Each structure stands twice: as C-alpha cells, then as structure tokens.
Amino acid sequence: MGRSFLGWPVLRQLSGRDPLGRGPAVRSARTDSISPRIATADRVAKSVCPYCAVGCGQKVFVKDERVIQIEGDPDSPVSRGRLCPKGSASKNLVTSSMRQTKVRYRRPYATEWEDLDLDVAMNMIADRVVKARNDTWQDIDADGRKVRRTLGIASLGGATLDNEENYLIKKLFTAMGAIQIENQARI
Amino acid sequence: MVFRKNSLYGPVDPAAETGYDPHPPRKGFFTDTSVCIGCKACEVACKEWNEVPDDGFGMLGMSYDNTGNLNANTWRHVAFIEQPRRSGSPEAADGGMARAKAPPVELGMPAMGPDSDGATDTGHDKPDFRWLMSSDVCKHCTHAACLDVCPTGSLFRTEFGTVVVQDDICNGCGYCVAACPYGVIERRRGPEGAKNVGIAQKCTLCYDRLTVGEKPACAKACPTESIQFGDVEELRERANERVAQLHERGVMDARLYGNDPEDGVGGTGAFFLLLDEPEVYGLPPDPVVTTRDLPQMFNRATAAGLALLAGAVVSFLGRRS
Amino acid sequence: MAEAHPVGFQWVMEAKKRGAKIIHVDPRFTRTSAHADKFVPIRVGTDIAFLGGIVNYVLQNGLEFRDYVVAYTNAASIVSDEYVDAEELDGLFSGFDPETRTYETGSWQYERQEAEGSAREDHDVQRETASAMQHETHGISVDGEVLRDETLQHPRCVYQILKRHYARYTPEMVAETCGVDPEDFLEVCRAWTENSGRERTTALVYSVGWTQHSVGVQYIRTGAILQLLLGNMGRPGGGILALRGHASIQGSTDIPTLFNLLPGYLPMPNAEQHTSLQEWVDAVRKPGSKGFWSKAGAYGINLLKAYWGDKATPENDFCFDYLPKITGDHGTYRTVLDMIDGKVKGYFLLGQNPAVGSAHGRAQRLGMANLDWLVVRDLFEIESATFWKNAPEIETGEIVPEECRTEVFLMPAASHVEKEGTFTQTQRMLQWREKAVEAPGDCRSELWFFYHLGRMVRDRLKDSTLERDRPILDLNWDYPTHGEHAEPSAEDVLKEINGYEVATGRPLSTFMEMKDDGSTLGGCWIYTGVFKDGVNQAARRKPGSEQDWVAGEWGWAWPANRRILYNRASADPSGKPWSDRKAYVWWDPDKGENGEWTGYDVPDFEKTKPPTYRPPHGADGVAGLAGDDPFIMQGDGKGALYVPQGLIDGPLPTHYEPVESPFRNPVYGQQGNPTRKEYQREDNRLNPSPREGHSDVFPFVFTTSRLTEHHTAGGMSRYLEYLSELQPEMFVEVSPALAAERGLEHSGWATIVTARSAIEARVLVTDRLRPLRVEGRTVHQVWMPYHWGPGGLVSGDSTNDLFGISLDPNVLIQESKVGTCDVRPGRRPTGKALLELVQGYRDRSGVVEGQYAGVVTTGPGADGIHEGDPTGEGPSGMSRRNGHSGDRAEGQDEPGSDDAAPEGS
C-alpha cells in the first residue's frame, strides 16, 4: 500500500501552507527519509591522510566492509577537520576502479602481462632473492676489507609506508646483506 | 489562487514562505574569496560526498581552472583570474573600477610594456599582480526561478531554506536550466554509466548532511575557511564585518555579492565577498529572478490552469487504481 | 606552501588574519604569492646569495639577538689561525685538494683543538657515503676547552669571521646575483629582523626543494645561521621547519630505508672505519664530546639486540659483524647507473615511481630495463611497472620489449585504510592509523610482504651452514600474525621499535633506560617512549579543542614527546623566559626538591639540571653540558653558526652557481660547488655553463615543483578521476616576453630541450613568470610541474627526463630544481627524430663524447678549459679521471666502468 490519496502532492499543495507547491507539498518519500551515509556507517576508523607530510586527521566511514566516506577529523589539532583536494580524494584513491588488485607478471621478453597466483609470485620472488644474493655475494671487497654483503639487490621506497614497515624492510635487507636500500628522502 | 507579497520577489524568509512552520534557521554559504587559496578541495569534497562524476579531462588554458563553470558535473567551481596591474596605475585608488573594463578572464597573452623583453634595467618595474581565486556554487536564491518553473515538483525548498532537486521526481524537462539567472543548474549528459543522467543536477547544500547537523562537504574541507557555512542571518553579519575589516586594512576592492535581500533574487543563501566586479569572476552583475513577472502572467492563466488541474486529478486517480 | 601543503597553510592565513605580514620569495608567482603581502621573485639557485645578504644586513647593523648569540651559539669561539676564508681564495676554503676535490679540514678547527688525523681522506669517504648527514646529526666533535671571546671582538672568533665572509653580500650584490629589487630585499631584511628578538620570533619554513640543489645542505645552513643570529631557534613561533612531501618521509629517515643509516641516525658501518663495535660506537659518541650522543653505545647495542635477539651477546659484540659494510656511494643514483652497467640483479620499488619521479628519467628506465627481475609494489599500474611497454624509449628504439629481459612482478599494495601502523609526519609526530577495512584481492601491506618474504627466505636457507647465512637465520623474526592472510601485528613491531626489558618484556619509557649490557633491546632509540607505560602513545587522540596550543596529547613526537627541539633556548641563561610573551620552557626553582625545568612542552634538557650548573673540569657526555648549553646534541652544547667539521663543502655557506647556469659566478672564480658529486658519463651529459662557451644553446633557466592537484610522480593522483580532471595536462609556464621572443602560443605546444632529452608541454603564458635582470642582462625562467608520465587517466611527458644527475656532496641528493634549457614552439619529434634533435643540441653546445668540463675553476687546480674552448684538452681528461677515481675509492672491481653507457650518443 502506497501513500494515501491525501498524500498526493496536488492535494497537499492546495490544502497546506505551500500553495505554490514549492516546499513540503512536493517532498517525495525518499526526500522525507533522507539520511546521510555517515549517519548509518557501521564504524569509523581514525586515520591519517596518506599524501603529504602535514599529517591531517581523517575519519574513514565503513559500511558493509566498504569505505563509504573519508573526511577530515575535526579533533586533529594539526588540520582541524580540513583536507586539501588530495586528502579529499582519499576515497577515490582507495576505491578506484583502476586499483590493481591482482598480481601481474611480465615474463622476460614478453609484450603483455600475465596473471600469477599470489603464493606462486611470493615463492618466485623468494627464489630470486636467494639466488641474486648468492650470485653476487661479497665476503670481502677488492681491497680485502670485510664487507659481508650483496650489491645485487636494491630497493627504493618507503616514504609513503608505515614506520613499522620500514623497520622490517631495513631489518630484513640488512640481515640479508643488501645495502642499496633507499627511499624518497634521498630524492 | 493568490500570491502572497514577495512570494516571487523581494525580501522573504523562504522556508516559512513555502510553508515550513516551525523550521530551522535558514542555512547558507558565505564564500570569502579574499582567503581562497584555489586548492579546489571544495570541488573534490563535493564530488566525493555527492558522487558527482568527473567533468572530462581537458586543459582549458584559463589559468589553473580546468573545470570551466558550474554544471551538472561540477557543483563547486573555482575560478582563477590573473590580473596584471602596472604599478602606479590609478586602479588602486578607484577601487578597481578601471580594471572592470578588462576581460573577465585574463588569458595571459603578451602584455604591452615599456620594455620589449619585459625586464627593465633595474628589473624593478614589477607589475603589481593579482591572482584572484573564487569558489562558485549554486546561490540558493530567496526567489529561485528554477524552483518556480519546475513543473514536476522535483525542485523544492527545504526546511533550511535551500533549493534541492529530487532526483526521483525530476523528469528532465529542463525548464529550470533556462530559468536560472546564474546558469548553475543543468541536466547531466554523462559520462556513460553515471547515475542521474538526464536529470537536472546542482548543489544541494548537502541537504542530507544538514539533516544530522553536519556541515556541507565543501565547507568542511576548505582549508582556509574561505567557504563558511552557517545561519544566513549570522553569515551576513559576519560578511559585513569582514568587508569593514578589509576596508580598514586598505583593501577597498572588497565588496559583497548576493547578500542584499532587496536585489533581483531577494538575496542569495550562498553569497560572496569579492575583490573585484562580479563580471571579473564570471558572475552576472545584477541577476534577476526570471519569474519576477510571473504573478501577472499567472493570474491571466488561472482559469486555464484550473481546467488542466481537473484533468490531472482524473488522470492521477486512474493511474493509482 | 599553499600549493603543496594547503592544510598547513591554514595557519599562515590565520596569522595573516591576526595581522602577520607574509613575504613570499619564489622564482614564480604561486598560490602562496597570491596571499602574500609581498612577493619577491628570485633567480633560481641563488638562495645563499639572498640569505647571505640578510646575514650581512644583520651583522652590519648589529641587529643580532646579542644575549642569545653570545650564550647559545659558537659566535664567541675562536678558529685556528690557519683558516682562510673562501672570500680570500676566490671561492675555495683553506685545505682544498683539487685532485680529489675535497678539503683537508685541519685549518677549519677551533683554536687549540687537535685537528683530526687524515681529514682529507675522511672527506673523500664522507662524500662517498653521505656521511656528512651522519655527522650533522651526531653533532660536531669538540674535544676539551675552546677558546672564546664573549666580547665577539677577536678577529678570529666565529662572529667576526662570519661578518667578513658576508661583507660583500650587499643589497646591490643581491640585486645583481638574484635579480631582486634592492628595495624589496631590504623590506625582507627589515621584516625578518624587526620580528625577531626577545618579544618576537620568526619561523623559517622551507619545502624540501631546497635540498634538491648541488649546494642544498648549505642553503639550509644559511637559514640556520640567520635563525640563530636572530635568536629564533628553540623558541615558540620560531625555528626552521622543513615541510616534507610524503606522509612518512620523516619516518623513513628516522627508521631509514637509506643506505648510509640505521634506525635512529646510527651510521651504517663502513668497511674502512667501523671494523668493530667499539670503533662504530666511538665514531658516533666521539669520546670526550658533550651531549646525548655519548650514550651511542646503548643505542647501537639495543638495535643489534632488536635485530638478533638472544644471539646478540656481549661476547660476540652483539653480532656487530652481522651488519653488512658500506664502502662508498651506494645511493639511489649510483645504483641506477650500476643497473645500466649490468651490476644489479633485482630491484624492489615500494610505493615509488622513479620512472617519473627521479631525476634523469631515461637513466632510470634504462636501468630497470637491464635487470634480472623487478618487484613493484603499488596501488596502481605505475610507469615503473610498465617501462617495458610504454617508456618513451620504446618509441626511440632504445628499449625493445622483445629484447628486454627484466622479469616484472607487479604486487598490489594495501592502502592506508587497509592496514594499521604509524606515519611520522613533518613535525616529527607519530600518528597511529586504525585499520578500516580488509584490502581487496591480492593487495597486501608491506608488513605482510616483507614478513613473509623473510620467512620464506629463512625457510630456503634453514639447512645452510654457510657463515653468510647466519645473520638471516639468527634474525629475531618471530612476529605473531592474525587474520585470514596471516598479517603480522604492527603494534608488536612498534613495541620492538620502542624497546623493552628483555627479561620482563616491560616497555621502556625513555631511551635513558637503554642499557649497553644486552638487558634491554629497542629498534630505534629516538622512538623510545612511543609505547611508554605499555600504551600506544601514537594513537592518542585527545581533541585539539580540549588541549592547550601545544596539544601534546595528540599523537607522540620524538624525542620523548617534545614538540620543539632545543627548547631550553626559549629561556635565558638564568632559566627565565626571554619574555612573558614568548614563555615556553623555564626553570622553576620551587618545583621538586631543588628546582625543575617546566613549561608548556616537555623540556629538552635534563629535568633537574639547574641553569647554574657548570661541568667539572674534564667532564664529557651529558655531564659535560652546562646548565646553559641548550643545544644538547652538539659536541659543545652550542648552536653552530660556523661548522668546523662534518660538512664536505665548507664551514660556511657561500654562493656557487647551479651546475647548469647561464651566468658566471659573480662572486668568485669558482663557478659551482667544487666538491659536488658528479657522474661524468656519456649517458649523463650536462649543459655547458658560460666559461665553457656555447651556453647560449641552452639560454633559459627552468625549475619544477608541485601542483596542489597532484602528488609527486602522479602514482596517487593521475589515476584518480577527481584529481586528474583538475590538472589534466602537462604544461609549461612562460612569461609573455619569452612567448613573444620564441613564438610560443598560449594553449599551444612547446618543446623543452636539454642535453638529456626533449619533452613537450602545453603552453601557459602568464605574468606570474617574469624575466629578471641579472648581471646586466635579461634571464628568462620557465616553470613546469613534474607529475606526468605515459600512464594514468591523464598522461604527458615527464619533467624529470630533462635533468642530469649531479649531487650535493653532503647527502647525495640531486640538483633537480634548476637547470638550463631551450624552449621552442610546437610539439617534440617522435622516434629516432627525438634522439636526433637532442644530439643536435649536444653538438651545437660543444658536448663532445669523452670530454668533460672541469669542476674546479679557480686556483692551481683549475683545469685548462676557457671560454671559447668548450671541448677542452688534457685537463678535462684529468677531471674525468678524477670523477672516476672517486668511484674506484669504493674499492669495487669494476672493469670497464670508465667507459660505460653504450647507448644514447
């Protein structure tokens, strides 16, 4: 059963205080029940903008395990709830249809990507790391100095990563003897 | 049917006028362009919240403005105006009147100067240069022509005094598009797959957010409080104070736009502090609600209208049964 | 600042509303300039001349904050009588060796201080290892008492040396060099000095483009001198703030993914000087010096314990031998050139897009095309993952997909809302992010990737008996995991970073609790306290509105939650605030048993050490710091106006021209930074500067920076609709005058050419750029953003392709904010014709294969290249050998590296 005959806009218009039909008389049921999605979110995660180094507070609204809105956190003494265009585009960033969600693999001399299972890719990478390290290992350098390292493996990145991640990256590479470990701070 | 005084023209409380009783204070924007840094956070925050699709990917060559104007896919639009002024010109003294004769958007084409290479012996003949930035938006007019001409009741006045399209009602007739004196509202033409294609689209002043006491997305994001949201009455006071403050500091170009209830649209719910003539920003200097003369026209058409209404009742009953 | 850090700029706008005056000095009129009370255009690359001019203005007019300067800086310290200033040696300081292009620094030392033994060799090694950065953070070593003259009259005291050094930096010299109106310049001088002193402070905010110069470190040094002279350091509203450009770039320096550092600015040991734990520790703590680096042994041993756990014992020097040793420059640019030379097998790119974002994009891509394998971890299919199919070199035939052997793994990454952890932002503040949702599909965090990669590598080596595999097998790598994908716990990692008592697991509250006997461990000593009382302090979110203006209960700042470093300097020597208005931290004699430091912030000083404390004779370390020595990490407790050691290129900043410049250095015969790092190879040719002749082939200066609407190399912006539409195309900004001169049409196309490459861009003719008058002639400057590449929703040419590689000698950061170029109307040619265009420019500019211009251009070491003789003869060959002798010093076996680079010519 829909709205009663009395709910028909023209009657509401003629009988109410909105004779020209520009306000309450023409509101649809959807309009009457409107509610912003932030009000019905399942939870809100407190986060920080991933772009520049100002460190603006973000509130990440989640509904049905999907991010439905990211906006500034007014509690932050750094940003007071405000965001720049990049920070404001954070939902666009994390929910973009262009995001890569599957491992892609380019075989030597290939002209196209192939799909690759994540586990397989991890194992292949581990194999290559072990091999490159063995193939390029130096216990001493040409001048006889003890160096205990490989110059065959390099890494660049980390300025958009978490401290905890950088910590494990440096720890693992250092233990493996890889020293050409660099990030944007050098650039 | 009789029009009350000022239903379509002059000062009025729009929510009360349309029959909300009681109703919350009228809400609006005061956009203070003197502190706009042109970051476009408002454009993005608006799109993120309202799920407005992109507006195409073309460079316009209009300074840093690549969205061009308000339309169905751009509900906040930041204009950039590059204004070279030679030092010692009379403009500073006359409040910028002379400058208003310049084209609204300076395309940055080579300017004639005293020196062909633009650098003088001392390098000290600097152009006194201004780069104006301003975030435009639907004005949420006191007398909104778009709403007055809408035949379906899609456009409606909210309890906050704002003007909003009901996407589920709009049939895409487009009367509102021609009626808007600012060229704000437009039917969405794409991109493919976007929602509400064919439907009239514009700023809602984040009506849904307002219902739970949240600020509109653009005002919330704005880093410098160029976009201020609040009760229109209070915002108007704030705007007057700001203009006075700027005048005191010698910024004689500062003026308000859209704050006057006596203007052609009865004042706007979203008004602006500008640093130059409205035309410079691409705003009409003296907008008039296009339905200003409607009462006279409407009274002549009343008889015909009633006859049509009777037909509509029959049709409605038939459809619902 | 408005362009690249808009939300930070809200505080500038707030200050403006309260009446602050904003001055913006920039080559071009930006969104920041639009809100400045005064915009001062400047020639790119002349900042030391500009700031040096202000230093001169301060000293000539006696405007320094005298009480502060005498008490808290080394102004009174007396320097060796062997020191000779660059002003007397035409741009070189005393001790220069033209063969190695480094300094022997004995003559730079304070009076009566023993010079270091082999200082010159030191510098050679230091430049190769970016260890100046290590030195700077570890403070200068000051052994014993330094002679001081607190009247500042002694002709060899730092104050007088400074005064003489900058005496020629007059407003006229600034105008001539920087193209700045002398009146504008004086207005800046007045504003800065009038707003500094007892009652007022001035903040110097720079963005890290300042670091991207061949004299980048000295740019910042000049700012430091000025701020110290004016008493603006360690005080509220003052300081020097680096506005860094990435969410955790501060964190990735503190917990470094950098070749020369270990966590907490401990140096990566080098094979020459750090062959034992003791040598390594002593190199940091500098026995005899004052300050908190004296505890370096504890910091280092706690790190080794964090790495190797139970296996690290006092008996085995806590596994110090497990650390690999560096032997020279292993920086990212050197590594990329090594890739081109086939020396590198595998490469990881972690949220980084060097194909677009690093200088000399072509070298970056050719390097990637010559690997065995490449792992790219990113949110999108960025250009560094697709060089084999859409690099510009495909079109020119320099990369042929069917011949390119590099195996590429593109591993999708989790976004910032799909994992938890901390960023450390530009204000040294750690902020914890809560995880909002699970990452989609195969997307994983770096934490997951590296934990499991480590686990799998360990598994593959588990039966190994090779000594080389012990560091991996003995690694403390047992992190608990949770969830469907076995994600390691970021909070557990943060606890390890914070440190804890080994026996009890009790988190340490401060790095002063770190022991050097193995009873505690901690992965990054400066972060100790982030888990104080077992609470994740970085996750604190007490609303700013419920706190005072310091807001110390939001997040956690290192060290020890101090928001302003060296804040002891906010009080006068007796411990009272310099003024009520600027009170911040002060000595309260009634607090505690015998008085305590107190205030709005955590005092950056020993809490109970009174201002009157004087160290006993011979005291060193923390006890050696007097009660009025606020710069507690420096070896003498003083702010360094003059730097006797630690900098490769001189104890004082002095003006050098950029490596590529259309002008002769107006101050000295020495043209550019004589100690800069250069890789003189055929694939890294530089445009000639005037003394070499033909510099008119590249007559214009170009610079590059960010747009608000994009982020660095575009990996987080060009793939988003909402950002791409706002700035959809690559463009170049030119002045109306240059447009008229070169026939450039607004909205049309232009081609920008250097000796490396040619790129095209849409033309924006704008009065925001204007020619400047320098050395009696007009110079045109053009500006380009650097966000584009062939991928993404919107694509375009990459500005970084235009740059060559030449580096600041202290930190090995590239000069990528200034270069010379030509600008011509129309689009660039494609395919082979593009290479021909660039080659034509090289030929006309006198770039001859196998011949390089000398770097030293004055004194006995100046080579024989003169104006009109761009090809040079013997001396250029010598200089070239010099360039490579630096490489050889690294001690690798590198046959054939002298003639690297088969392609591109």
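The following points comment on a predicted model and treat its interface, sheets, helices and chain B in turn.

1. Interface of chains A and C. The contact draws 103 residues from chain A and 135 residues from chain C. On the side of chain A that touches chain C, α6(A) supplies the largest share, with 13 residues. By class, that side of chain A comprises 51 nonpolar, 24 polar and 28 charged residues.

2. Strand pairing between the chains. Strand β7 of chain A (residues 146-157) pairs with strand β9 of chain C (residues 346-350). The pairing is in the parallel sense and extends over five bridges. Within it, F348(C) of β9(C) has S155(A) standing opposite.

3. An open sheet in chain C. Three strands make up this sheet, in the order β12-β13-β18, and their pairing is antiparallel. The edges are held by β12 (421-424) and β18 (556-557) of chain C; each has a single partner strand, so one side of each lacks a neighbour in the sheet. Between β12(C) and strand β13 (residues 429-433) of chain C there are four bridges, and the two run antiparallel. L430(C), in β13(C), is the bridge partner of T424(C).

4. A helix of chain A across that sheet. Helix α6 of chain A (residues 163-176) lies across β12 and β13 of chain C. Relative to β12(C), the helix runs at about 95°.

5. Helix packing in chain C. Helix α2 (residues 47-60) and helix α7 (residues 171-178) of chain C have axes that come within 9 Å and cross at roughly 170°. Because angles over 145 degrees count as roughly antiparallel, α2(C) and α7(C) are described as roughly antiparallel to each other. From α2(C), the residues in contact are A49(C), F50(C) and G53(C); from α7(C), they are P171(C), M173(C), V174(C), T177(C) and C178(C). The contact of the two helices has six nonpolar, two polar and no charged residues.

6. Helix α11 of chain C. In this helix (residues 277-285), the buried residues are L277(C), W280(C), V281(C), A283(C), V284(C) and R285(C). After α11(C) comes K286(C), which has a positive phi, near 45°.

7. Chain B. The secondary structure of this chain amounts to nine helices and ten strands. Chain B has 321 residues, of which 51% count as buried. Of its contacts between residues at least 6 apart in sequence, 67% join residues at least 24 apart.

Technical notes:
Residues are numbered from 1 along each chain as its sequence is written. Chains are lettered from A and ligands numbered from 1 in the order in which they are written. This is a predicted model: local features need pLDDT of at least 70, side-chain atom pairs count only at pLDDT 80 or more; totals for chains, interfaces and linings use all residues. Axes are lines fitted to C-alpha atoms, for helices over the stretch in contact, and angles run from 0 to 180 degrees between N-to-C directions. Angles under 35 degrees count as roughly parallel, over 145 as roughly antiparallel, 65 to 115 as roughly perpendicular and the rest as oblique. Two residues are in contact if their C-beta atoms, placed from the backbone, lie within 7 Å. Ala, Val, Leu, Ile, Met, Phe, Trp, Tyr, Cys and Pro count as nonpolar, Asp, Glu, Lys and Arg as charged, and the others, Gly among them, as polar. Two strands pair if DSSP finds at least two bridges between them. A residue is buried if 20 or more other C-beta atoms lie within 10 Å of its own, exposed if 12 or fewer, and partly exposed in between; C-beta atoms are placed from the backbone.
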